[in-house]
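Here are my notes on the model you asked me to look over.

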Amino acid sequence: MNHPDVLIVGAGPSGLMLACQLAMQNISFRIIDKTEDHTTQSRALVIQARSLELLDQMGIAPRAIENGQTARAIGAFFNGKKILRLIVNQMGGNLTKFPFFLMLEQSRTENILIDFLKARGHQVERRTELQTLAENGDSVTCRLKLPNGEEETVHAKFIVGADGAHSVVRQQLNIPFAGKTFNQSLFVLDCRADVDIPGNEMYLTFSKEALGGFFPLTNGRWRILGNIPEELEGKENITFADIEKNFAKRTNMVVRLYDPQWISAYHSHHRYASTFKKGHCFLIGDAAHIHSPVGAQGMNTGLQDACNLSWKLILVLKAGARPSLLDSYTEERITIAKKLVRSTDRIFNVVTSSNLLVKTIRLYVVPLMLKLVAPAFRKLTFLQRAAFKMISEIGIHYRKSSLSKGASFGTFPPSAPRPGDRLPYISMTVDGHDAPIAEWLQNRFFCVLMFSENPPPELVSCIETLKDCMSIQTIPETPETQTLYKVFGIKESGYYLIRPDGYIACRSQSMKAETLKTYLTGNLHVDWKN
């Protein structure tokens, strides 16, 4: 394996997800990590709906849910008084198969992905480090340090840095990592707690002296987070005793912390790489972007980075697509990273600022506003749907991507999903079995939803030419499928091409093979050969 197609550096959630996607398509790869084993700490905690949809495509979402804790409600305390409580366990109803927020420790997420790899004959090469890398024509020459101290030279067609905020890959490529570090020190703690909060609800606490958060883990444990007291700023090692000592007083809460399992102190960073691609090298996850824990977006964004990049690598390696397709990875994902850094930056400033005016607004004005707004939020479904789409990341789209431009053939109603949109959550009946349409796409790569009972032979032949990467799901017009025709805006017959990451690639109101060939050649950079 000195000449793998892909070398993945870093076996956190992002690197593991990329490896899983490559394994499903039988792409040769190696995944290395300098650590002895996968993390045993909880670290990233929330799995958002969009990530669960990706895990569901792999058939492992049920295991993730079984190992996690679904949050029933989210709320807030201000100066010790409960001001807000919102039921959120069905907040995304009718938007996704997973209309909730899943609390799943990163250690368990990694274990699930590692088992997925093992079942397909792959494993992480531990205690193996990247020393140097250099572009060499159509490949990247990498020098690795092995567990026994010896060195190995690997020639990979592509290398992917999934090696975290201090990425060696990014440093070797001299890619700027602009942004800032906040002065406020934070802690994250896993322990047990005596507190008057249900074991399946999440709460933030705001007081004059402290910011705090309570997030449920399994087996009666809690994830506690907050700001480190000023008198402890600069202390080299923050201990559980340091935090527990005055935690109740500082948060103005009746709470007792005990039985600590893990504690870590850190400064929040807001940074993103100037590009996620350089030559044959790529960055995903924390190697590409880091930001505050606001909204639990970090790991989830990394998982989506991996899925976005993987299908493009596979199309180049397996279907002969031109390497220029890979430029769309940075184009699509850096836009998401920039928006995420900006939004979390603003929110983080509001909730942690020590400015007297901001603190006054946070402690006295915001609670009054929440009391006024919360009743309307509970009643107005469209507000809940908008909030869920943003937090769960199912609202992400690629409409402005070069892959989505000129990808609509024919006239569609404004309500129909567009190229770059996530595949809508809607049920479909096939052979008498009713299920969300996404379930019919499991274990597929590209899939053409063919709205016709008898698609023309020339279109079928066009798809069969790429049978290793593309499949067909026919949807004849029947009383059971009329809703699908209406939702997708199909007048008589047509098709939608669905990307492997669950987004719409192109759509057509006709069944002409030429429209599909035009998209494959112009947008997906596939050199068409009859």
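1. Ground rules. This is a predicted model, so to speak of local features a pLDDT of at least 70 is needed, side-chain atom pairs count only at pLDDT 80 or more, and totals for chains, interfaces and linings use all residues. Residues are numbered from 1 along each chain as its sequence is written, and side-chain values use heavy atoms, with hydrogens and water left out. Helices (H or I, at least four residues) and strands (E, at least two) are DSSP runs, numbered from the N terminus.

2. The six-stranded sheet. Start with the open sheet of 6 strands, in the order S8-S2-S1-S12-S19-S18, with mixed pairing. Two strands pair if DSSP finds at least two bridges between them. Strand S8 (125–126) and strand S18 (277–278) are the edges, each pairing on one side only.

3. Which strands does H1 lie across? They are strand S1 (6–9), strand S2 (29–33) and strand S12 (158–161), and H1 runs at about 165° to S2. Helix H8 (residues 298–319) lies across S1, S12 and S19, at about 175° to S12. For these angles, axes are lines fitted to C-alpha atoms, for helices over the stretch in contact, and the angles run from 0 to 180 degrees between N-to-C directions.

4. H1 against H4. Two packed helices are described by the angle between their axes and the distance between the axes. The axes of helix H1 (residues 13–24) and helix H4 (residues 106–119) come within 9 Å and cross at roughly 20°. That makes H1 roughly parallel to H4; the cut-offs are under 35 degrees for roughly parallel, over 145 for roughly antiparallel, 65 to 115 for roughly perpendicular, and oblique for the rest. The H1 crossing past H4 is left-handed, meaning that the near helix is turned anticlockwise from the far one by less than a right angle.

5. What touches what there. On the H1 side the contact includes Leu16, Met17 and Cys20, and on the H4 side it includes Leu113, Ile114 and Phe116. Contact here means heavy atoms within 4.5 Å. Sorted by class, the H1–H4 contact has 11 nonpolar, 1 polar and 1 charged residues. Ala, Val, Leu, Ile, Met, Phe, Trp, Tyr, Cys and Pro count as nonpolar, Asp, Glu, Lys and Arg as charged, and the others, Gly among them, as polar.

6. H10 against H11. Here the axes of helix H10 (residues 356–379) and H11 come within 5 Å and cross at roughly 95°, so H10 and H11 are roughly perpendicular to each other. Ala376, Phe377, Arg378 and Lys379 in H10 meet Thr381, Leu383, Gln384 and Ala387 in H11. By class, the H10–H11 contact has 4 nonpolar, 2 polar and 2 charged residues.

7. Strand S26. Is strand S26 (residues 494–498) mostly covered or mostly open? Mostly covered: 5 of its 5 residues are buried, where buried means under 20% relative accessible area, exposed over 50% and partly exposed in between (1.4 Å probe, protein chains only). Gly494, Tyr496 and Ile498 point one way, while Tyr495 and Leu497 point the other. S26 pairs antiparallel with strand S24 (residues 446–451) over 5 bridges, and 4 bridges join S26 to strand S27 (residues 504–508), also antiparallel. S26 and S27 form a hairpin with 5 residues between them, and Gly502 in the turn has a positive phi of about 90°.

8. The three-stranded sheet and Gln69. This open sheet has 3 strands in the order S3-S7-S4, with antiparallel pairing; strand S3 (46–47) and strand S4 (69–70) are its edges. Gln69 is in S4 and is partly exposed, at 22% relative accessible area. Beyond four places in sequence, Gln69 touches several residues, among them Phe101, Leu102 and Pro216.

9. Ser401. This residue is in the loop between helix H11 (381–392) and strand S21 (408–409). Ser401 counts as buried, with 4% relative accessibility. Leaving aside neighbours within four places in sequence, Ser401 is in contact with Glu331 and Glu332.
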